[in-house]
Amino acid sequence: MYLYFLSAIPCALKLNGEFLGVIGENYSILPYKNGLFEFIPLLRGYAPSCFILRKEQPDNNENARIIDLYGGFLIIPKFSERAASDFKELFFKTIDFPNFSVELRVYVENGIKISVRRGKDKTVKSIPFVPKTLNLEKAFLNERAYLVAFLSDKKTAVFGFEISENGIKTVLKRECDGFEAKNDKVFLTESISDVLRHTVTSTWSFNGGVSLEKIDVYRGKEPYELPEMLLPYAFFEELRLGKNVSDFLTPRLRPRADDLKTFIGDFSAVLPPPHFKNDNDVLLLYGNRAEYANLRYSGRLIDNVTVTTNGK
């Protein structure tokens with residue numbers, strides 16, 4: 001039995017006080033051991049977390065996702081924002097609308113926060129990083145007031161607020177790599193570090209309420225450019241993004257392209273298999289559950305897809 005570790009936030013791993021190494025977005029593997037596991041983030045703004053692993057079947061807890069791999073366990077630590085008692089204001093703006101004004105403040109206090117206030121109404125949201133720049137867009141459409149804040153560093157956190165006499169409502173909350181506001185629409189661009197280097201663009205309409213009007217997925221590379229071992233990951237990543245995967249399939253399977261998403265289900269990630277599984281399998285994560293998928297090929301095209309249940 002083995003333990004596999006993954007973390008989107010690089011962190012040091014300790015077991016019973018002993019430093020074992022650094023874990024990140026590639027697997028770290030240990031033989032199954034009991035004791036106190038500690039995760040110390042290597043990025044500012046996050047507090048350490050820990051949990052105790054005992055002999056019995058481990059369960060998810062507030063500090064870690066623990067996923068049964070049917071021969072091992074995948075452990076993904078959870079981190080909370082580091083508490084900070086000192087207040088530091090980063091940005092303050094007053095935004096005027098036809099009949100009222102709104103105060104927007106970005107500050108550091110027990111994490112990074114954005115607050116929007118109109119009179120006695122106020123809403124506060126957390127920001128995942130310390131922004132270096134703030135851009136604002138406002139609109140008054142169909143007697144509805146909207147304020148959109150773009151907070152940027154390496155990424156951009158986008159917050160949209162609808163402001164009315166009934167209070168302040170958050171109507172948009174996204175992260176992106178690029179943005180544009182034009183008339184009653186906001187255009188967001190996200191660059192994804194996956195096999196085909198996808199770019200996702202989304203169009204959000206603020207006319208008559210906030211809605212996702214359009215989403216487009218573009219490839220930075222084409223499947224024929226990939227080595228064969230990467231084709232399964234490219235296929236599942238495109239499926240998860242909602243892109244048509246017909247060009248991955250044989251003519252026999254192509255008519256069922258639209259059914260594959262329903263058949264495979266709503267998975268959140270595709271990963272290489274643990275070392276005790278077949279190299280031709282891929283690991284799919286469904287929240288706190290894991291399954292395995294296997295693809296059968298004709299040439300470089302997929303001719304059959306199998307998803308196992310409970311690893312069997």
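Ring pairs join Phe235, Phe236, Phe248, Phe267 and Tyr286 into a cluster. The model is a predicted one. Arg289 sits over the face of Tyr286, 4.4 Å from the ring centre.

In total the model has 17 aromatic pairs. Phe5 and Phe37 form a tilted pair, because their ring centres are 5.8 Å apart and their planes meet at 40 degrees. This pair links distant parts of the chain, with Phe5 in strand β1 (residues 2-5) and Phe37 in strand β5 (residues 35-41), 32 residues apart. Both Phe5 and Phe37 are buried.

Phe150 and Phe179 make a stacked pair, with 4.2 Å from centre to centre and 10 degrees between the planes. Here strand β14 (residues 144-152) holds Phe150 and strand β17 (residues 178-182) holds Phe179, 29 residues apart. Phe150 has a relative accessible area of 1% and is therefore buried, whereas Phe179, at 31%, is partly exposed.

Helix α1 (231-241) is among the elements that supply at least two lining residues, as are β21 (269-271) and β22 (281-286). α1 contributes the most, with 5 residues. By class, the lining of the largest pocket comprises 20 nonpolar, 7 polar and 11 charged residues.

The second largest pocket has a volume of about 1200 Å³. It is lined by 28 residues, with Leu43, Arg44, Tyr46, Pro128 and Phe129 closest to its centre. This lining divides into 14 nonpolar, 4 polar and 10 charged residues.

Methods: Residues numbered from 1 in each chain as written. Predicted model: local features only at pLDDT ≥ 70, side-chain atom pairs only at ≥ 80, totals over all residues. Heavy atoms only, no water. Helix = DSSP H or I, 4+ residues; strand = E, 2+ residues; numbered from the N terminus. Nonpolar A, V, L, I, M, F, W, Y, C, P; charged D, E, K, R; others polar. 1 Å grid on protein atoms, 1.4 Å probe; cavity = no way out; pocket = protein on both sides within 12 Å on 5 of 7 lines; lining within 4 Å. Points joined across faces, edges and corners; volume = space filled by probe spheres on them. Phe/Tyr/Trp six-rings, centres within 6.5 Å; stacked < 30°, edge-to-face > 60°. Buried < 20%, exposed > 50% of the residue type's maximum accessible area, 1.4 Å probe, protein only. Lys NZ or Arg CZ within 6 Å of the ring centre and 35° of its normal.
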